[in-house]
Amino acid sequence: MTELSPSLVELAARHGVATRYEDWSGTQVAVPESTLIAVLAALGVAAADDEQRAAALIQHDRNYWQRSLPPTILARTGSTSSFWVHVTHGDPVEVWVALEDGSIRQSLHQLRNDTPPFDLDGRLVGEASFELPADLPLGYHRVHMRTGTVEADAPLIVSPATLPVPPRLGARRSWGLATQLYSVRSHRSWGVGDLTDLTDLAVWSATRHGAGFILVNPLHAAAPAAPMEPSPYLPTSRRFVNPLYLRPEAIPEYAELRHRGRLRRSRTEVQARARRRELIDRDSAWRAKRAALATIYRVERSAGRELAYAGYRAREGRALDDFAVWCALAEKYGNDWHGWPAELQHPRNVAVAAFAAEHADEVDFHRWLQWQLDEQLTAAHATAIGAGMDIGVMHDLAVGVNPDGADAWALQEVLALGVTAGAPPDEFNQLGQDWSQPPWRPDQLVEQAYEPFRALVNGVLRHAGGVRIDHIIGLFRLWWIPRGAAPTEGTYVRYDHEAMIGIVALEAHRTGAVVVGEDLGTVEPWVRDYLHDRGLFGTSILWFEQDRDGQDATGGPLPAERWREYCLSAVTTHDLPPTAGYLAGEHVRLRDELGLLTRPAAEELADDRAAQAAWLAELRRVGLLAHPDNGEEPESDAVILALHRYLGRTPSKLLSLSLADAVGDLKTQNQPGTSDEYPNWRVPLRGPDGRQRLVEDVFTDPRAAALGAVMGSLVHPVL
């Protein structure tokens with residue numbers, strides 16, 4: 001590979017773009033020049049040749065020295081920190097902090113700063129440094145400066161040094177049921193699982209088996225027009241929720257309908273179709289449910305309900321308006337805003353305002369749907385806590401959004417639309433992954449004081465006692481792939497993790513929530529230590545917990561006592577088959593069938609069998625599985641029970657049971673590296689016999705009762 005020019009290396013470094021990285025096997029990989037040029041272009045930096053690079057470096061210096069204050073200032077409680085101020089060289093400057101509560105902190109201590117002044121168009125600009133005291137309160141404040149007639153201010157984010165464990169959980173450990181909600185419907189839902197089903201599963205797991213939380217797939221909004229995107233991890237918006245999860249009959253105005261029988265017949269028809277079909281049909285379910293919801297929307301609301309709706313609209317503000325307008329536009333012009341008339345492709349355009357005024361009822365309908373979701377989500381979490389859960393509902397925050405969707409339209413200035421996020425090749429996804437999602441632009445997040453990210457985290461925690469952040473490593477660095485390139489042709493772009501994790505910790509502290517980071521895959525060693533120090537939990541999946549530090553020469557299973565304590569531990573995850581399917585080698589068979597392996601299937605299967613044999617030996621070593629008689633393999637159910645009991649031998653404070661494991665399902669929900677090659681996110685919950693299982697079936701399933709009892713005994717020994 002041609003050696004990179006020094007100016008390109010320097011420019012990439014200034015913008016947090018990696019020019020080389022270490023892959024999952026420990027090999028150093030150099031990033032191609034073409035990748036760096038494309039990634040820098042997505043950051044608004046022209047770098048095609050040395051002339052452009054030199055100009056970009058000069059402009060980078062000028063941008064820094066033209067500022068009076070940093071665009072965003074960060075601090076942690078309990079320790080001092082500093083920030084710079086730029087003034088005409090030699091001029092005095094006054095600096096103070098305006099706190100969130102309206103009070104003022106004056107007379108900040110000035111620190112020594114020997115940085116030479118910078119010549120900015122003939123004016124020498126000097127740099128001073130000031131110290132922020134350690135006793136500043138948590139919150140979003142502002143730093144002000146004044147020098148002569150020049151005044152400026154900048155946002156100050158003070159986050160907790162570490163996120164405390166919520167008092168409700170205390171020193172106890174807790175277990176939770178993990179469910180892909182759309183896959184598990186009940187007799188009264190509309191072809192897919194909904195928020196009432198979520199509530200019922202929470203109550204069952206809490207009251208029967210002592211569960212402390214229920215972990216649900218991302219409930220983020222999908223586009224309202226067909227075809228509805230099946231992946232909960234590729235939403236149109238992460239700020240808002242998919243109305244497919246609403247239970248129409250739970251809306252108060254439903255009781256005022258005169259012809260409720262029509263809606264019940266519609267629901268019956270949807271359920272009948274769902275029983276006949278092998279896969280989940282979101283479009284059919286949404287058509288019927290949308291018609292029902294539109295009927296309920298037209299029911300006159302009481303004065304109190306109108307006040308509640310007005311309060312919700314005021315709280316959500318412009319973000320709600322933009323989302324509702326996008327939904328109305330999508331129903332008219334399709335789900336991809338890039339294909340709309342040019343005058344409608346930006347939310348601030350005059351034509352968009354005219355459309356919103358002309359279609360006020362359609363826009364308001366989509367606002368109203370989000371209000372109903374807000375109420376039903378609030379009720380689900382409150383009911384879970386009322387049923388005895390320590391944490392309640394734990395929501396899942398996806399990595400990104402659909403490039404053609406509502407968030408990409410509304411936030412296009414703060415998203416990098418010329419690249420997609422993904423993951424480099426690793427042991428389990430050997431071709432890498434392209435998630436087709438536009439990543440945050442780190443430079444624009446700083447410019448906007450992280451407001452879009454703050455709103456996102458605040459929104460997901462509004463109805464939750466916890467949040468799982470998918471691919472939390474993306475808050476440190478994210479794999480950017482130039483549009484049209486293969487996943488192997490990307491590079492890492494760094495984010496200010498101190499800001500991103502600090503905001504997560506601050507928002508979670510204010511709501512008393514637990515934060516779980518999905519920190520699987522290729523992770524820099526120091527990152528897990530950092531997350532632990534900040535009070536965030538990690539994630540452990542049993543099959544991935546291997547002894548890689550040399551203490552076990554075989555590289556076999558990591559002994560339970562050496563697992564992490566501040567961790568959510570589970571046997572499997574949604575990107576693998578349920579445990580019964582995994583034991584049968586379904587993950588190898590499927591990847592081979594789809595052409596996702598980079599070596600012969602026989603080799604892959606042999607390694608998988610060896611890894612499983614090592615785990616069976618570990619289960620026998622600790623006395624959780626009997627030694628075989630006459631060389632016979634143990635039954636799958638016995639192994640699954642033993643694997644979940646093994647979680648209890650770890651120090652992990654949070655444990656999880658997949659609902660798919662609870663009912664003996666075999667099929668995976670998602671096969672990474674595929675889109676239409678496999679019916680990802682469209683597989684209904686089934687038992688080992690292949691028949692669909694409803695919520696009511698879970699409550700009477702002996703296998704679910706046995707596994708629930710095991711999990712309950714791990715955290716409540718008296719159960």
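**Exercise 1. Locate W681 and state whether W681 is buried or exposed.**

Solution. W681 lies in the loop between α19 (659-662) and α20 (695-700); helices are DSSP runs of H or I with at least four residues, strands are runs of E with at least two, and both are numbered from the N terminus. The model is predicted: local features need pLDDT of at least 70, side-chain atom pairs count only at pLDDT 80 or more, and totals for chains, interfaces and linings use all residues. Residues are numbered from 1 along each chain as its sequence is written, and side-chain values use heavy atoms, leaving out hydrogens and water. Next, the phi of W681 is positive, near 65 degrees, although the residue is not glycine. Finally, W681 has a relative accessible area of 5% and is buried (buried means under 20%, exposed over 50%, partly exposed in between, with a 1.4 Å probe and protein chains only).

**Exercise 2. Determine where Y450 lies and what its phi is.**

Solution. Y450 is placed in the loop between α11 (442-447) and α12 (451-461). Its phi is positive, about 60 degrees, and Y450 is not a glycine. With 3% relative accessibility, Y450 counts as buried.

**Exercise 3. Describe the order of the strands in the open sheet and name its edge strands.**

Solution. Eight strands, paired in parallel, follow the order β22-β19-β16-β13-β12-β25-β24-β23; two strands pair if DSSP finds at least two bridges between them. At the edges stand β22 (514-517) and β23 (538-541), each pairing on one side only.
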